[in-house]
Amino acid sequence: MEKKRFTLSIFTENTVGLLTRITLIFTRRKINIESLTTSASEIDNVHRFTVVFNSSHENAIKVLKQIEKQVDVIKCFCYEDQDIIFQEIALYKVSIHNLHEGNEVENIVRKSHARILAAQPDFLVIEKTGHEYETHELYEQLKPFGLMQFARSGRIALAKERQEVSAMLRDLAENSI
């Protein structure tokens with residue numbers, strides 16, 4: 001079976017223990033989660049999990065169906081990369097002491113459309129938003145300058161298709177009050 005990258009968009013109630021139950025579904029199927037983010041959604045009291053993983057299409061659908069069986073899950077959608085708009089954010093902490101004279105780092109930051117988020121006496125913090133390959137490319141460019149710290153968020157994604165779930169969730173929220 002051919003493995004592809006899938007992104008699940010899971011709309012849930014904000015309850016304790018739900019994250020554990022969702023990750024257990026992946027663990028039982030021996031599917032590694034590449035990234036996972038949670039956040040509020042466009043509907044009050046409804047949260048969105050964005051889970052990225054590699055799997056066969058058949059297994060991805062099985063995971064989706066198992067997740068939708070969870071009581072606190074309102075709706076789950078499964079997408080391939082071409083079906084969504086997605087981004088990640090990365091932060092890079094570079095020591096000032098390793099910077100050479102000149103403006104090499106400034107040129108790298110400008111060319112990669114990143115920005116300097118903070119400048120302290122000992123270090124710079126640079127922020128880059130983009131796809132994983134773009135944040136990794138900047139990582140490789142800054143590495144020779146002595147990266148002190150690096151962190152990258154998980155994927156956040158929105159579907160290209162019109163999701164009727166927003167209207168459905170809004171109706172549920174209004175009726176549950």
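Analyst: Two rings of Phe, Tyr or Trp (its six-membered ring) pair when their centres lie within 6.5 Å; planes under 30 degrees apart are stacked, over 60 edge-to-face, the rest tilted. Ring pairs link F6, F26 and F53 into a cluster here. Bear in mind that this is a predicted model, where local features need pLDDT of at least 70 and side-chain atom pairs need 80 or more, while totals for chains, interfaces and linings use all residues. Residues are numbered from 1 along each chain as its sequence is written, and side-chain values use heavy atoms, leaving out hydrogens and water.

User: Okay, how many aromatic pairs does the whole structure have? And why is the pair of F26 and F53 called edge-to-face?

Analyst: A search of the whole structure turns up 6 aromatic pairs. For F26 and F53, the ring centres are 5.1 Å apart and the planes sit at 70 degrees, so the pair is edge-to-face. F26 belongs to helix α1 (residues 18-28) and F53 to strand β3 (residues 46-55), so the pair ties together parts 27 residues apart in sequence. Helices (H or I, at least four residues) and strands (E, at least two) are DSSP runs, numbered from the N terminus.

User: Is F26 buried or exposed?

Analyst: Buried means under 20% relative accessible area, exposed over 50%, partly exposed in between (1.4 Å probe, protein chains only). F26 has 1%, so it counts as buried, and F53 is buried too, at 0%. For a stacked pair, look at F77 and Y79, at 6.2 Å centre to centre with 20 degrees between the planes. F77 and Y79 are both buried.

User: Which residues have the most contacts inside the largest nonpolar core?

Analyst: Start with the general idea: in soluble globular proteins, nonpolar side chains tend to be buried together. A core here is a set of buried Ala, Val, Leu, Ile, Met, Phe, Trp, Tyr and Cys joined through side-chain atoms within 4.5 Å. The largest one has 17 residues, and L8, I10, F26, F53 and I67 have the most contacts inside it. Two or more residues come from each of β1 (4-13), α1, β3, α2 (57-68) and β4 (73-80). Leaving aside neighbours within four places in sequence, L8 is in contact (heavy atoms within 4.5 Å) with residues including F26, F53, I67 and F77. Apart from this core lies another, of 12 residues, among them A90, Y92, A114 and L138.

User: Now charges. How many salt bridges are there?

Analyst: The whole structure has 11, each a side-chain nitrogen of Lys or Arg within 4 Å of a carboxyl oxygen of Asp or Glu. One of them joins E80 and K4, with the closest N and O atoms 3.6 Å apart. E80 is in strand β4 and K4 in strand β1, so the pair ties together parts 76 residues apart in sequence. E80 is buried, at 18%, whereas K4 is partly exposed, at 34%.

User: Which residue forms a salt bridge with R110?

Analyst: That's E106, with a closest N to O distance of 2.8 Å. Both lie in helix α3 (residues 104-111), 4 residues apart, about one turn of the helix. R110 is exposed, at 58%, and E106 is partly exposed, at 37%. Elsewhere, salt bridges that share partners join R5, E88, E132 and R152 into one network. D81 also pairs with R155, closest N and O atoms 2.9 Å apart; R155 is buried, at 4%, whereas D81 is partly exposed, at 28%.
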